[in-house]
Each structure stands twice: as C-alpha cells, then as structure tokens.
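The questions below go through the packing and pairing of one chain. Each is answered from the model shown here.

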Amino acid sequence: LCLKLIDSRDNSQTVIRLSKKASTRQLYEKVCKLRGIEQEKARIWDYFNKQRSTSPLDVSDQTLDDAMLQMDQDILLEVQVDNGISMDSTGNDLALVPIEPSRSSLTIAGGPALSNGHTTGYRFNQYPGSSFGSTFMDMDDGYDSYNTAKKGEKGGLAGLQNLGNTCFMNSALQCLVHTPDLAQYFLGDYSDEINTENPLGMHGELALAFGDLLRKLWSSGRAAVAPRAFKGKLARFAPQFSGYNQHDSQELLAFLLDGLHEDLNRVKQKPYIEMKDSGGRPDEEVANECWKNHKARNDSLIVDVFQGQYKSTLVCPVCSKVSITFDPFMYLTLPLPSTVTRTMTVTVFYANGSGLPMPFTVTLMKHGCCKDLILALSTACCLKIDEGLLLAEVYNHQIFRFFENPAELISSIKDDEHIVAYRFDRKQGGKIKLEIVNRWQEK
C-alpha cells in the first residue's frame with residue numbers, strides 16, 4: 001500500500017509504503033521512526049477523503065487490509081506534547097483530553113468545534129449525559145448519523161464515491177438499493193432471517209454489509225457515501241472483484257443477488273426432492289409443482305422479488321416424446337441486436353484533377369458488394385451519366401489494389417482500410433490507368 005501521511009503539526013505530507021498484510025503496529029513503528037516521535041504520543045487516524053474516522057487506528061496485529069485502508073489514501077498523524085497542548089499548522093491550540101480507557105463504546109472523533117473556536121484533537125470519552133452527545137458524528141464512510149434525525153427530507157438521493165474504477169459496482173448497487181421491495185426489507189429488521197449456517201452463503205456477512213450500506217444511502221441529508229467497508233467485504237468473498245480493475249457490472253450483480261439469497265435463505269436444511277416428469281399434465285399444474293419444489297430449498301426475499309420460471313420444452317427426435325420443465329431463473333442473458341447496415345467513408349477524387357478530393361459517408365447493407373457501394377457513392381457525389389467510379393485501396397500513400405470486380409463483397413474491406421474512388425469519363429474507358437506518385441528526389 002502507498003499511504004499519504006499528513007502531519008497535523010505542519011500539514012507536511014509523506015508517502016508511506018507498506019504491505020497491505022502489515023499490521024497497524026508496524027505502521028505505527030514506521031511512522032514514529034520516520035517522524036522521530038515516541039509511539040505513546042502518536043495517534044494515527046484513517047483520513048480517507050479528508051474525513052477523520054471515529055477512532056484512531058489501534059496498535060494491534062490487525063492488518064492494514066482489514067483496517068480498510070485503501071491505495072493512495074490519506075492517514076493523519078497527531079502528536080501529543082508534554083504539556084498536553086498540540087499546535088496545528090495555523091498556530092492555534094488544540095485542546096487535548098487525556099487518553100484513558102474508554103468507559104463507553106460511544107466515542108467522538110474528528111473535532112466538533114468548541115465554543116472558543118479551538119478544535120478537539122483526540123478522542124473524547126462519551127459519558128452518560130455528556131454535552132457532546134448531541135454532536136456525535138459517525139464519520140465512517142462519510143456517514144453522518146446526526147443528519148438521519150432530520151425530518152421531512154427525502155432519502156435515497158445519496159451518491160456513491162468512486163474508489164478507483166468501481167463505477168461498475170456503484171451502478172449495480174444503486175439499482176439494487178432503489179428496488180422498492182429490497183429497500184423496504186433492509187430498512188426494517190431483517191436480523192432474524194440471516195442464515196449464518198448456510199455452507200453456500202457468506203455466513204450472513206454480505207447481507208449485513210449490504211444492509212448497512214443501504215441504510216447509509218437512504219439516510220436523509222447526505223451527499224455521497226464511500227463504500228469502502230462493502231468493497232472490502234466483497235473482495236473477501238469474491239477475490240475476482242478485488243483490486244481496482246474494471247469488471248463487468250452484470251457479473252457483479254449476479255454474484256450479489258446469489259450471495260444475498262444464500263445469506264437470507266429461510267431454509268436451514270434443504271430437503272432432497274426428486275423431479276417428476278410432466279407426463280402430459282397441464283402447464284399450470286407442472287409449473288406450480290416445480291415452483292413449490294424450488295421454494296422448498298430456496299426461500300428468501302431474493303426469490304420473492306427477483307426469481308421466476310421459464311418453460312423449457314424438449315422433443316425426442318427418435319420417439320417424439322415431449323418433456324416439459326419449468327426452470328427457475330434470476331436473470332436472463334440476452335444478445336444485443338446486431339445491425340444489418342454498415343457505414344463507410346470513401347474519399348472521391350477527380351481523375352482529371354478538375355476538383356478537390358471530397359470524403360463521402362454512405363450507409364449500405366453489411367452483406368452488400370462493391371456494386372452497391374458504387375451506386376451509393378454515385379448518388380452521394382452526384383455522379384453524371386457519362387461518368388464512372390473506380391474503387392481502390394490506398395496503403396502507405398500508394399494504391400494497394402483496385403476493386404475491379406463489382407461482385408466482390410464489402411465484408412472483405414476492413415473498417416481501418418483507406419478506400420478511395422476516382423471519377424473518370426466513361427468515353428475514355430479502356431485506356432491504360434496510370435498512377436502518378438509524387439516523391440522527393442533522393443540526393
């Protein structure tokens with residue numbers, strides 16, 4: 001990992017390089033050695049997008065990868081001085097509260113402004129009834145829990161920050177979190193439906209991570225959310241989506257739907273069910289039976305909202321026996337409709353030099369021939385009755401070949417080939433074609 005260390009004392013920036021499998025203890029050791037400070041007086045904060053995390057990084061064996069530190073992100077160093085006062089880059093005092101064992105799981109970090117204009121520099125222990133309780137802000141992933149209390153604001157308008165080529169993930173997530181049934185489900189209490197024992201699932205962790213992200217996106221008064229925690233969880237269970245390369249959005253969507261289904265599957269023990277043949281029964285009866293068998297093994301919100309059945313008919317070519325099944329599906333892969341036309345740009349020259357060359361763009365059928373191209377060009381360039389067109393390919397500033405066979409298919413002409421056409425007088429047909437090449441005289 002390459003991490004940008006920002007020293008709060010002078011706003012100086014230093015690049016720290018460590019393995020993502022290195023521990024936070026090693027990060028503290030390297031930073032303290034680099035800046036020449038005692039480890040007991042140093043606090044390092046996750047400073048992603050210039051937003052301080054809820055608490056400083058612990059000195060432990062936790063890896064930087066598990067701490068959700070990303071490539072090229074900022075981390076903030078704060079140093080406690082002997083008199084308990086630290087100076088920021090502007091010379092203002094930073095009032096520090098002595099670091100004590102936390103007496104509550106609720107802490108404040110990130111500096112709410114005090115009445116004297118000074119900014120808090122360290123963790124404030126949250127005591128019951130503390131005056132800081134009303135200003136508590138959960139800054140993880142940019143999540144402001146204070147704003148969720150505002151009434152009358154429409155939710156679901158928050159964006160997702162791009163962590164680096166993660167637009168494929170963000171687009172799929174926005175589609176899912178704005179599916180009404182899915183949003184209503186995860187905004188409610190779904191803890192009882194999490195299946196942690198499913199060997200095909202992710203122990204419920206993917207569903208919890210997705211639900212947490214959905215709640216953040218639907219909280220009111222928001223600008224954008226950085227889905228770092230979800231990205232880390234996704235990379236853990238689907239290593240193909242780790243890193244910051246481009247991926248296919250539909251592949252991610254398929255993995256998410258399947259993973260959420262297994263994490264939320266209400267069936268704890270899947271029974272064995274033997275499929276029966278249709279046997280000439282009505283389609284409705286066979287379809288209901290297939291769906292009942294499917295629901296006996298797969299029962300979740302994803303099945304209720306996203307899955308259906310399609311009818312598959314097989315006919316034996318020998319005995320003509322007809323077999324009809326209704327197979328469940330969650331998404332259909334359909335081919336993009338291919339176009340039957342092709343656009344070509346051809347530069348038309350006057351063979352006698354009476355006019356300037358002019359490019360013409362024509363549209364014709366993909367399976368057409370050179371005769372069709374000539375007819376389209378003749379119309380585009382307003383060819384006279386007594387004139388004809390001669391097609392040629394130009395390569396390396398020379399005529400590479402002539403298209404003298406009108407029946408030659410244009411599929412043999414590639415898109416990157418430079419095609420030209422020469423206007424000539426039909427009355428002069430049969431004469432020898434002379435190619436004039438202009439060159440610099442070699443010395």
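Predicted model: local features only at pLDDT ≥ 70, side-chain atom pairs only at ≥ 80, totals over all residues.

Q: At what angle do H2 and H4 pack, and how are they oriented to each other?
A: The axes of H2 and H4 lie 11 Å apart, and the angle is about 80 degrees. Angles of 65 to 115 degrees count as roughly perpendicular. H2 and H4 are therefore roughly perpendicular to each other.

Q: Which residues make the contact of H2 with H4, and how do they divide by class?
A: H2 contributes Leu-173, Leu-176 and Val-177. From H4 come Phe-210, Leu-213, Leu-214, Leu-217 and Trp-218. By class the contact of H2 with H4 has no polar and no charged residues, and the nonpolar ones number eight.

Q: How are H3 and H4 oriented to each other?
A: The axes of H3 and H4 come within 9 Å and cross at roughly 100 degrees. The range for roughly perpendicular is 65 to 115 degrees. H3 is therefore, relative to H4, roughly perpendicular.

Q: Which residues form the contact of H3 with H4, and what are their classes?
A: On the H3 side are Leu-182, Ala-183, Phe-186 and Leu-187. On the H4 side are Ala-207, Phe-210, Gly-211, Leu-214, Arg-215 and Trp-218. The classes in the contact of H3 with H4 are eight nonpolar, one polar and one charged.

Q: Why are H4 and H5 described as roughly antiparallel?
A: The axes of H4 (residues 205-218) and H5 (residues 228-237) come within 10 Å and cross at roughly 160 degrees. Angles over 145 degrees count as roughly antiparallel. H4 and H5 are therefore roughly antiparallel to each other.

Q: What is the hand of the crossing of H4 and H5, and which residues make the contact?
A: The crossing of H4 and H5 is left-handed. H4 takes part through Glu-205, Leu-206, Ala-209, Phe-210 and Leu-213. H5 takes part through Phe-230, Lys-233, Arg-236 and Phe-237.

Q: In which sense does strand S1 (residues 2-7) pair with strand S2 (residues 13-17), and in which sense does S1 run with strand S4 (residues 74-79)?
A: S1 and S2 are joined by five bridges in the antiparallel sense. Leu-3 has Ile-16 as its bridge partner in S2, and Ile-6 has Gln-13. Asp-7 has Leu-77 as its bridge partner in S4. The four bridges of S1 with S4 join strands that run parallel.

Q: Which residue in the hairpin of S1 and S2 takes a positive phi?
A: Five residues lie between the strands of this hairpin. The residue with a positive phi, near 60 degrees, is Asn-11.

Q: Which residues of S2 are on the covered face, and which on the uncovered one?
A: The uncovered face of S2 has Gln-13, Val-15 and Arg-17. The covered face has Thr-14 and Ile-16.

Q: Which strands are the edges of the open sheet of five strands?
A: The strand order is S14-S13-S17-S15-S16, with mixed pairing. An edge strand pairs on one side only, and this holds for S14 (358-365) and S16 (398-403).

Q: How do S13 (residues 341-350) and S17 (residues 418-425) pair, and what is the partner of Tyr-350?
A: S13 and S17 pair over four bridges in the parallel sense. The bridge partner of Tyr-350 in S17 is Arg-423.

Q: Which helix packs on the sheet, and what angle does its direction make with that of S14?
A: Helix H9 (residues 370-380) packs there, touching S13, S14, S15 (387-395), S16 and S17. The direction of H9 makes with that of S14 an angle of about 130 degrees.

Notes: Residues numbered from 1 in each chain as written. Heavy atoms only, no water. Axes fitted to C-alpha atoms, helices over the stretch in contact; angles between N-to-C directions. Helix = DSSP H or I, 4+ residues; strand = E, 2+ residues; numbered from the N terminus. Parallel < 35°, antiparallel > 145°, perpendicular 65-115°, else oblique. Left-handed = near helix turned anticlockwise from the far one by under 90°. Contact = heavy atoms within 4.5 Å. Pairing = 2+ DSSP bridges. Buried < 20%, exposed > 50% of the residue type's maximum accessible area, 1.4 Å probe, protein only. Nonpolar A, V, L, I, M, F, W, Y, C, P; charged D, E, K, R; others polar.
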